[in-house]
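Please open the model in a viewer and keep the sequence panel at hand.

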Amino acid sequence: MKEIPIRSLSTAATSLRLSDEFDIRSIERVLDGKDMVQALHRHDHYFLLVVTKGEGTHECDFRPHAIQAHSMYTMRPGQVHRLDLKAGSTGYILQFKADFLATHEQGARLVLRRAGHMEVFNAGAERHDELMVLLDRIARELASQEQRQMHIVRAYLSAFLADLVLRAPAVTLANGGNGYAQERLEELLELIEARVYDTKEVAAYADLMHLSTFQLNAVAKAGTGRTCSELINDQIILEAKRYLLATTDQVNQVADRLGYDDVSYFIRFFKKHTGHTPEGFRQKSA
């Protein structure tokens with residue numbers, strides 16, 4: 001079976017990186033006067049595209065977003081994306097692993113989780129300029145090529161993410177809700193994303209979160225308008241689409257990856273939720 005191409009910070013070509021856990025590059029340096037056209041791939045780290053001006057498309061898990069000035073595009077580890085970026089675009093590309101931040105602290109985990117789920121955010125010219133000040137400082141510290149500066153870089157990155165998340169509109173809860181409901185929903189989505197290959201029962205997620213199935217469904221419905229079972233199914237379909245479009249795996253191989261021994265059942269399940277057989281979806285999207 002062919003894996004979806006994974007890009008790692010440890011192998012990324014860059015002239016600034018002092019750590020295998022963090023990297024920042026100016027978009028101008030990356031493009032070097034040429035358009036960027038990427039094939040579908042995924043990262044083993046967080047990816048943030050911060051655009052001051054530019055044109056193109058960022059497609060994240062098959063959702064296309066037009067590149068616009070004063071906008072930010074985020075991607076979590078494991079998501080599939082491709083980036084088409086026109087020459088002349090400016091801004092920064094940030095890439096970092098969760099361990100680079102102090103994720104043992106509850107506040108840092110929450111900020112990172114919310115930033116990873118934003119996907120796209122237009123800050124407006126004034127707010128964007130304020131956020132760019134932090135990124136400019138990060139780039140300057142990293143350019144010094146002194147390892148002792150990494151703790152300053154880490155502090156600036158934490159400040160940037162906190163500022164971004166706290167000032168951005170809520171993007172996860174569909175129907176409002178308090179901070180506790182928001183946090184539990186984000187925890188549920190994170191668990192489903194990590195465990196859906198071998199855990200597909202609502203009761204199992206309820207046990208993991210120390211909630212009853214009724215409470216878990218209440219969290220899911222309040223935040224997304226969907227039941228926990230529907231969220232699980234959504235993630236299964238998303239994973240299937242990732243492998244169908246980003247690899248040459250046969251349908252039975254995709255089914256096996258997703259924990260289905262019965263390929264016929266998987267085909268029926270996929271068609272029920274998309275209107276297409278897996279192979280039909282692949283051909284339609286080619």
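A residue is termed buried under 20% relative accessible area, exposed over 50%, and partly exposed in between (1.4 Å probe, protein chains only). The model is predicted: local features need pLDDT of at least 70, side-chain atom pairs count only at pLDDT 80 or more, and totals for chains, interfaces and linings use all residues. Residues are numbered from 1 along each chain as its sequence is written, and side-chain values use heavy atoms, with hydrogens and water left out.

Select Asp-234 and Arg-226, which form a salt bridge with the closest N and O atoms 2.8 Å apart; the term denotes a side-chain nitrogen of Lys or Arg within 4 Å of a carboxyl oxygen of Asp or Glu. Asp-234 is partly exposed, its relative accessible area being 32%, and Arg-226 is partly exposed with a value of 32%.

Next, select Arg-127 and Asp-163, a salt bridge whose closest N and O atoms are 2.1 Å apart. The pair links distant parts of the chain, 36 residues apart: Arg-127 belongs to helix H3 (residues 125-143) and Asp-163 to helix H4 (residues 150-167). Helices (H or I, at least four residues) and strands (E, at least two) are DSSP runs, numbered from the N terminus. Arg-127 counts as buried because its relative accessibility is 16%, whereas Asp-163, at 21%, counts as partly exposed.

Finally, move to His-65 in strand E7 (residues 63-66). His-65 has 15% relative accessibility and therefore counts as buried.
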